[in-house]
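This briefing covers a helix pair and a chain interface. Look at the sequence and the structure first, then read the points below.

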Amino acid sequence: MPESPDLTTLLERLVATDVEFVLVGGLAAVVQGAPVTTFDVDIVHRRTDKNVDRLIAFLADVGARYRNRPGAPLPPSRSALLGPGHSLFMTDLGPLDALGAIEGGADYDQLLPESLTVHIGGRPLHVLSLAKIVTLKRASTDPKDKLRLPVLEALLRRKNEA
Amino acid sequence: MTVAVGVLSDSSMKSDTEPDSVESAPSLVDESLISAMLELSPEERLRQNDRMVRTILLLRQGLAPRTEPNAREP
């Protein structure tokens, strides 16, 4: 982990590229107003050849290497990024998880219609909707998700009331 | 990794005599934190998260040397 991670700049730089992705996970909830703290950027990227090539170019720019792997740092694997698995990177700006698919096999094409668009640095960012995040967390068996769920549900309730 | 910072407001802490059912329990969420976050723009919320991450990491770094001697005790 960098001494001073800067997930905002990491996300701004990613948004400034032509990489197609949907922001998911804790940071997607933060963007929509959840009072939670998250330590990484989670994205579901579109798994086409061109988009993965653009993503790999971005990853090289931010010094991405696989996390939690002993030995010499490994550069991002094109074949892994084309698949549905999760590629967990450490970058010069903080952790970034590139997810081919998330719960239930949901990929970029399935999640994009369930996202909303916010603007970061003047550029559009697709963010998985809070309603969808809550639905996914309700089905999750991860204790961390269970802990976070009441906050997300309260936020969703507030937004629905507004 | 995500930390839920809005859970368990002081007013929601249960006593031993309070019921256990979820339906009758008070809210476990500090609504004022949600209100504060909703007043920010998406970019401000991201910056706020970064500040929290840095603070947590600083605290962890500050805590680490203090816990090492105790860890060696039987």
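In this predicted model, helix H1 (residues 7-15) of chain A packs against helix H3 (residues 49-61) of chain A at an angle of about 140 degrees. The axes of H1(A) and H3(A) lie 11 Å apart, and their crossing is right-handed.

**Helix contact within chain A**

- H1(A) contributes A:Leu10, A:Arg13 and A:Leu14 to the contact, while H3(A) contributes A:Leu55, A:Phe58 and A:Asp61.
- Sorted by class, the residues of this contact of H1(A) with H3(A) are four nonpolar and two charged, with no polar ones.

**Extent of the interface of chain A and chain B**

- The two chains bury about 3000 Å² between them, and 61% of that area is on carbon and sulfur atoms.
- Chain A gives 36 residues to the contact and chain B gives 27 residues.

**Polar and charged pairs across the interface**

- Three salt bridges are found across the interface of chain A and chain B.
- In a salt bridge, the side chain of A:Asp6 meets that of B:Arg47, at 3.8 Å from N to O.

**The side of chain A that touches chain B**

- At least two residues each come from H1, helix H2 (25-31), strand E2 (36-38), strand E7 (115-120) and helix H7 (143-161) of chain A.
- H7(A) supplies the largest share of this side, nine residues.
- By class, this side of chain A holds 19 nonpolar, 10 polar and seven charged residues.

Notes
Residues are numbered from 1 along each chain as its sequence is written. Chains are lettered from A and ligands numbered from 1 in the order in which they are written. This is a predicted model: local features need pLDDT of at least 70, side-chain atom pairs count only at pLDDT 80 or more; totals for chains, interfaces and linings use all residues. Side-chain values use heavy atoms; hydrogens and water are left out. Axes are lines fitted to C-alpha atoms, for helices over the stretch in contact, and angles run from 0 to 180 degrees between N-to-C directions. Helices (H or I, at least four residues) and strands (E, at least two) are DSSP runs, numbered from the N terminus. A crossing is left-handed if the near helix is turned anticlockwise from the far one by less than a right angle, and right-handed if clockwise. Contact means heavy atoms within 4.5 Å. Ala, Val, Leu, Ile, Met, Phe, Trp, Tyr, Cys and Pro count as nonpolar, Asp, Glu, Lys and Arg as charged, and the others, Gly among them, as polar. Buried area is the accessible area (1.4 Å probe) that two parts lose on being put together, summed over both. A salt bridge is a side-chain nitrogen of Lys or Arg within 4 Å of a carboxyl oxygen of Asp or Glu.
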